[in-house]
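Here is a friendly briefing to read beside the structure. Please keep the model open while you go through the points.

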Amino acid sequence: MKTGCQDRRSQSHGTIRSLGTGPSGSPPIGMRKSKTSRWRAAVLILVNLLMVAHIFQWRITGRTVSPIEPSETMYTLQNGAINAGFIFFALAILATLILGRFVCGWGCHILALQDFCGWMLKKIGIKPQPFRSRLLVYVPLIAALYMFVWPTVRQRLFSSETGPLIPKFTNHLVTSNFWETFPSVGVAIPFLIICGFLTVYFLGQKGFCTYACPYGGFFGLADKLAPLRIRVTDACNQCGHCTATCTSNVLVHAEVKAHQMVVDAGCMKCMDCISVCPNDALYLGFGKPSITVPTSPTASIHYSVTWSEEILGAVVFLGSLLALRDVYGLVPFLMALGCAAVTTFLTLKIWRLLKTNDVFFHRFALKSNGRIQTAGWAFVLCAAAWIGLNAHSGWIRYHEFAGTRAFQKIRIPDELALAKISPTSWLSPVEKQCVLVGERHLQAASDYGLFTNPNTLSKLAWLEYLSGAAERSVRLLGQAAQFQKAQARALSLYYRGAILNRLHRCQEASVSLDQALSEREDLILAREEKGESLWLLGRKDEAIEVWTGAIERNSRLALTGNLLAGALRSVGRLEEAATYEKQADEATPNDALYHWMLAWRLNDLGMSALARKHFQRARELGGRGDSSGGFGDSR
Ligand code: SF4
Ligand code: SF4
Ligand code: SF4
């Protein structure tokens, strides 16, 4: 275990101190200012302005180029949706393969935030100190593989729904739903604060890039092959100014001495080192890539943690990531990575406070001669609050996960469950158990969570419906819809409308279904239900019109076809009814459950003749309706 003094020293460029570094937070004496940093700041400001202009253009015109954001590549790889983000990311990786990480250094808005935070901290006398870990540096690459490669591998190897190896490509270069794949503004702001500011304060100026960013994982790999690198001439006298100015924590002087070039894949080609070199010894030039260099000068790196702390840190990082990822349906993967990196740092610092006599953080002495100082107690309080929040999120995430797993084990088709109110008697014993377990976990997540998770709330609503609590289910679906994005909101409103129809609260059902259709005009299930609301309200012509419209969109709709046939038969339009009935019979699956469902829906609307036909067909085919006893009453 290192001493407290070592603790402080390990977070700085120890070799540079001996090379004339000034007082903490200041550059080495006589070091010239970088001329490129202003240019880079201007370019990064321009990048941010262009992003804002992109959003404004979309808000004003309603359509725009899809987000130029690497994460969009996931949709290309999984669904074949070619979008601007994929094209940008592919070009950026190709550019990095030749030129190194210029895209990172000169084109990334998160890097701009990190630089801005670093600049602000320096203004108040705090120089972000690099946290150096041997294990956590692999996080970006692992995260990149998990984000971009694993979904495809899982789909190919472990899913029953295997598709073609190369998906069918579709054009998504222009979109009217620009924000669809982004978190809400309420999440985006903490995301930027955590990934742009907290990571810098705790982990160093490139904290997020080094320990969290999945794109950096790929850029770092590509950089190793890039022939364009920072190289050195014989004029270098090892003054160390280059290392002192580097905000990517590259040991420039050591690397150029050992390899005549910068080999660290963390170099973002900001060019500051070239600009500050007093002997003009550095230049940007083509030559051998860094992959040809067998080893990096790790001997001169002072790691911030011991090996046992590395292992503890890796465990904490993984636990924190699992706890935070998607908790409340709010925390995106990148934000969870940034938070996990901060949690790991804080935990290790607390560990140091417990184990060593002297601990420093920036210019603060947290513990001195075995006594925790005022700054130390403040640090402990803040860290405990953060870690406690993290642990609470983990507990909620556990309930969300366990509840969702139970929910997914329930196999009863939605159409069957919605055929009549209180479908409990149709559930198998295993499904009944899953309903109980799912309700318990999702209720706990809802009761003790700090935020509403609309996705788990809608699952809880469905479990409530299956257990016979239809009124409560309606309430929960209404709550969930308030927090959901358009696609999910449309579904919640549809289910709400369907259950209200079963409860014969048709006016409310009609409103809910109209809202669902205003979110998703193509939601044919909502159209079917809307027809039922109108029919039950006695607005038969309108109901027939709605069902006819749905059938015109898709003639293979078995339920709608049967409803339309039953309706036309009821109003005496027998010839048309016969045509639609024949068409519906061809589309109806030869499945007992499906016929039970049709029979109940038709029966509920008073279309008893057609209902009898399907009851009869269901009995002939057998199935779960016979044994449960739930169907007997109607016949
Ligand atoms: S590593 Fe990620 S966050 Fe950092 S500059 Fe590159 S793309 Fe941006
Ligand atoms: S490359 Fe330039 S700045 Fe860096 S150690 Fe050599 S002389 Fe100093
Ligand atoms: S090594 Fe030089 S170019 Fe690379 S990030 Fe550091 S200062 Fe910038």
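Two strands pair if DSSP finds at least two bridges between them. Strands (E, at least two residues) and helices (H or I, at least four) are DSSP runs, numbered from the N terminus. This is a predicted model, where local features need pLDDT of at least 70, side-chain atom pairs count only at pLDDT 80 or more, and totals for chains, interfaces and linings use all residues; side-chain values use heavy atoms, without hydrogens and water. Residues are numbered from 1 along each chain as its sequence is written, while chains are lettered from A and ligands numbered from 1 in the order in which they are written.

**Strands and hairpins**

- Strands β7 (residues 359-361) and β8 (residues 364-368) pair antiparallel over 3 bridges, and V359 has K367 of β8 as its bridge partner.
- The hairpin of β7 and β8 has 2 residues between the strands, and H362 in its turn has a positive phi of about 50 degrees.
- β8 is also joined by 2 bridges to strand β9 (residues 371-372), in the antiparallel sense; here K367 stands opposite I372.
- β8 and β9 form a hairpin with 2 residues between them, where N369 takes a positive phi near 50 degrees.

**Around the ligands**

- A residue counts as near a ligand if one of its heavy atoms lies within 4 Å of it.
- The residues around ligand 1 include R101, C104, C108, C209 and C213; α7 (109-123), α10 (207-211) and α11 (214-225) each give two or more residues to this shell.
- Among the residues around ligand 2 are C236, C239, H241, C242, H253 and C277.
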